[in-house]
Every structure is written in C-alpha cells, then in structure tokens.
Amino acid sequence: MAPQPPALAPLWEVVETSFDEAEFLWRSWEAGLHAHGRNLQATWFWTEDRLSGALDGVRLGGARVVQELLMPALNSPHVWEIQVAVHTLAQLPGLGHEVLRPALRMAKPHRRWLFQRALQLLTTPAQLALTHKLLSGLGTDAAVWRVSCRSFRREPSLVQEIDRLAQSALADDRCLAFRAARCLPPPVARKFVLSGLNDSDMAVVAAAVESGLIHGLPAAWQRCQGLVADHPECGAPFWWACLAGTSDRKLLTSALANAATFAPALAALGFLGTREAADLALETMQAQTETNLRLAAEAFCAVTGLDLVATKLAAPEAPLPEEPLTFEQDNLQANLVPTPDELLPLPDVRGIARWWQAQRPRFSTDVRYIGGLPLSPQALYEALAHGPMRRRHVLAFELAARTEAVCDVQTRAFYALQKHQLGQVNAKLIDHAAPFAMTGFAS
C-alpha cells in the first residue's frame, strides 16, 4: 500500500482573509434579516452561503487561529469579531473550549447577549453535540446559555432553570426567562408569565407580554394595551396590529395622531391588514417627509400586496451630486450607513393613488389582508416562506399566537433551521394538526 502524502497546512493568509470575510458577511447577514428586497432563499444565496464558507475557512486554522485571531477577538470592541470568534471557538473542542469556557463565565452583562447570539446560531446536529459538550463543563453557570440556545430553537427548557433566571437581579436574565416561556406547555407558561407582567423593567414586561399573547393570556392582552400607548418602542404596536379584534383596531389607528406614538404606529400599520389601514397609509404618503413616505408605502404594500418596483410605481431616487462636497459642507459625524427604512423604495404617490382607486373595491371592510390575500393559514405560511425578510419576524409571532405556539418559526436563525421549521409548519397546517384562530385576540 502506497504511503499517504502528508496533509498540507492551510495558507495562513487564507485563514486571515476568511476571518475578515466572516466578520463582514456576518454583519451583512444580520442586516439582511431586516431587508425589504430579499426573501429567505435570496438571503441564503447572496450572504449566508458565503458566510458559511468563510467560517469554514477560519476553522481550518486549528490551534494557531485560536491563539492568534480568536482569543484576541473575544475582547474586541467590534461586535462582529466577537460573534465570529465565539461561534468558531464553540466548534473547536479542546483548545477552543478551554478558551471559551472562562470567557462565558466572566462575560459582563453588556456583552453576554453577543455571546448568546453566537451560540444560538449553532443548530446543526454536529454543532449541537459540541455545544452540549461545551456547556456541560460550565456546571450551574450553563443555565443562561442553555436556556438561550434552546428557546432560540423553539425547544422547551427545564422549568427550574427558567424559574431561576426569572428571579435574577439582572433584567437581561429575567427577559430571557420570560421569552423562553413561549416554549413551555400552555398551562405552565400562563401561570409563569403572570409574574412578569408587573416587573419594574419594561423590557422584562414586554418579554412576558409577548409570551403571554402567544399562549392566549387575557392579562397579557390588557398589559399590551398600556404598552401601545406608553411604551410603543417595545413591539406592542405590532402585536396589537396582528391580534386586535374589530373594536380594538382604533387604538393603533388613533396612535398615528400622536407625535409620540406616530413612528411605531406607522411601522405597525401594515400588519393591521385592513382596507382602512391601506387608506391611512396612502393619506400618510400624501402628507409626509421622505423617510415616513417610504415607511407608509411599505405599510400600504404589506396590506395590498402591491410591488412598487414590479409595477413601476417606485419613484426615481434623487441623483447623487456630481461634485464632491467641500470640507465645510461635509458632516464628518454623519452615519453613512442607511437604515432599513431609508432603503425602502421611494413611492410614486400619485401613481399609487390611481392604482388604489381601481383596486380598492375588491378589498372588503371586514377582512384582514396579508400581502393582498385574506388572512388564512396558507397566506401566513406563504408570507413566511417567500415574503420580504423585514415582515417575517412579526408574522412569525402572529402564527405562533394563532396556533397556540404549535407553529413557531425562528426567523433570526440560519437557513437550515428555518427551512426545517417551515416544513413542520406546512405539514401541520395542511394536516390540520395545528389549531388556527381566524378571529382576533379580542372581538
């Protein structure tokens, strides 16, 4: 038998380049989760598949990459470097785990969410086995990481661990506990969530309300009403838009008249899904500045299913200046990275008004629409499987709430997990194994 040639060591320049690419692509992928112009398949094709390859390239570096790149990156001021490092170290048993375990134990509260996010995205069977091995060496310190990872995958955690986190002095731990309650059996979750509805920290209250709404808790609905008016930044307007019955929808529409609640109410308007919501979105387009103009158009399209680009109802963007700005004109403190709302298409308002005048009669006053289709299990599934990334997070919440948490998709996961969960959702909805409440949370 001929001797096997020795394995070739990877070129270090390739490993370093892979690390830089992984950092950039991780940041791009996270931004893509809120993109208007891409769906799940396109996000995987254009970004995630390349990110996966870059992370593979980093792991090829072995012990040297741990010592020279990943260990220093754990203390980096750059978010994406930290997450690439944690994600990679967790997949390198031996030295990688020896480095990562003490970092997990000593992680300060303001950095723990970065570590959690990196570990949450380890979801393949091989990665889960390595994650279990990593956390098993942490003893009681593993609870926060284990609950975070399991609830992210929409798997139930031990009630004792969740309860322990709910009693923590750290608001972040309590938030994690009440978010994880969505994965508990409904009777257990409802009883557990009640204790979080009056927490002193509004982020904790919001987490409890979200899980309570998913499990149909009336007290959570009552608390949500107060959050819409007083703390709209927590997500309550979106939950209200999805679940409000006919008599409750006016709470969201009236919020458009209040300067303090206008922006979140406008962002949530598209999820209200009614003909009245489309009317309000058009009225807002006819009266607003550029940023709100784009957001109002997005809400209108979310209700009606209108595609501004395909129908040529997107207005041309302002041309870039031909001459560079002078030093005196240039704002050196300006953030040059556009927000997701600033990347939305600029609408041709007059053209949209003409389109709506022709199409409005086919929309009933008493029907809720998702992308121009009446609300149904299939319409929600299609929006999650093929719709714009930015809308999917709220629609996944709605699907979980309308199916009593039987159908729950993690829209911030990598493609493989989402595709698996969507397959389960499709099977359950087709086989009618999942209940589906067609009416709102309240009538």
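In this predicted model, helix H8 (residues 143–152) packs against helix H10 (residues 171–180). The angle between H8 and H10 is about 35°, and their axes lie 10 Å apart. The crossing of the two helices, H8 and H10, is left-handed. From H8, the contact draws on Val144, Val147, Ser148 and Ser151. From H10, Asp173, Leu176 and Ala180 take part. By class, the residues of this contact between H8 and H10 are four nonpolar, two polar and one charged.

Arg154 sits in the loop between H8 and helix H9 (159–166). Arg154 is not a glycine, yet its phi is positive, at about 65°. The relative accessibility of Arg154 is 22%, so this residue counts as partly exposed. Arg154 is also one of the contacts of Gln421. Gln421 belongs to helix H22 (residues 415–430). With neighbours within four places in sequence left aside, Gln421 is in contact with Arg153, Arg154, Asp408, Val409 and Gln410. Gln421 counts as buried because its relative accessibility is 4%, and buried means under 20%.

A positive phi also occurs at Glu404, with a value of about 60°. Glu404, too, is not a glycine. Its place is the loop between helix H21 (389–402) and H22. Glu404 is partly exposed, because its relative accessible area is 47%.

Helix H9 includes Ala166. The relative accessible area of Ala166 is 10%, and therefore Ala166 is buried. Phe192 is 26 residues from Ala166 along the chain. The C-alpha atoms of Ala166 and Phe192 are separated by 9.3 Å.

Two further residues were placed in the fold. Arg27 is part of helix H1 (residues 12–32). It has a relative accessible area of 34%, so Arg27 is partly exposed. Arg27 and Leu51 are 24 residues apart in sequence. From C-alpha to C-alpha, the distance between Arg27 and Leu51 is 9.8 Å. Lys312 lies in the loop between helix H18 (290–304) and helix H19 (349–359). Lys312 counts as exposed because its relative accessibility is 73%, and exposed means over 50%. Along the chain, Lys312 and Val367 are 55 residues apart. Their C-alpha atoms, those of Lys312 and Val367, are separated by 27 Å.

Finally, the pockets were considered. The largest pocket has a volume of about 1600 Å³. Its lining is made up of 49 residues. Of these lining residues, His34, Arg179, Glu210, His393 and Arg412 lie nearest the centre of the pocket. Sorted by class, the lining of the largest pocket holds 23 nonpolar, eleven polar and 15 charged residues.

Conventions:
Residues are numbered from 1 along each chain as its sequence is written. This is a predicted model: local features need pLDDT of at least 70, side-chain atom pairs count only at pLDDT 80 or more; totals for chains, interfaces and linings use all residues. Side-chain values use heavy atoms; hydrogens and water are left out. On a 1 Å grid over the protein atoms alone, a cavity is a set of points where a 1.4 Å probe fits but cannot get out, and a pocket is an open set with protein on both sides within 12 Å along at least five of seven lines; lining residues have an atom within 4 Å of a point. Grid points are joined across faces, edges and corners, and a volume is the space filled by probe spheres set on the points. Ala, Val, Leu, Ile, Met, Phe, Trp, Tyr, Cys and Pro count as nonpolar, Asp, Glu, Lys and Arg as charged, and the others, Gly among them, as polar. Axes are lines fitted to C-alpha atoms, for helices over the stretch in contact, and angles run from 0 to 180 degrees between N-to-C directions. Helices (H or I, at least four residues) and strands (E, at least two) are DSSP runs, numbered from the N terminus. A crossing is left-handed if the near helix is turned anticlockwise from the far one by less than a right angle, and right-handed if clockwise. Contact means heavy atoms within 4.5 Å. Buried means under 20% relative accessible area, exposed over 50%, partly exposed in between (1.4 Å probe, protein chains only).
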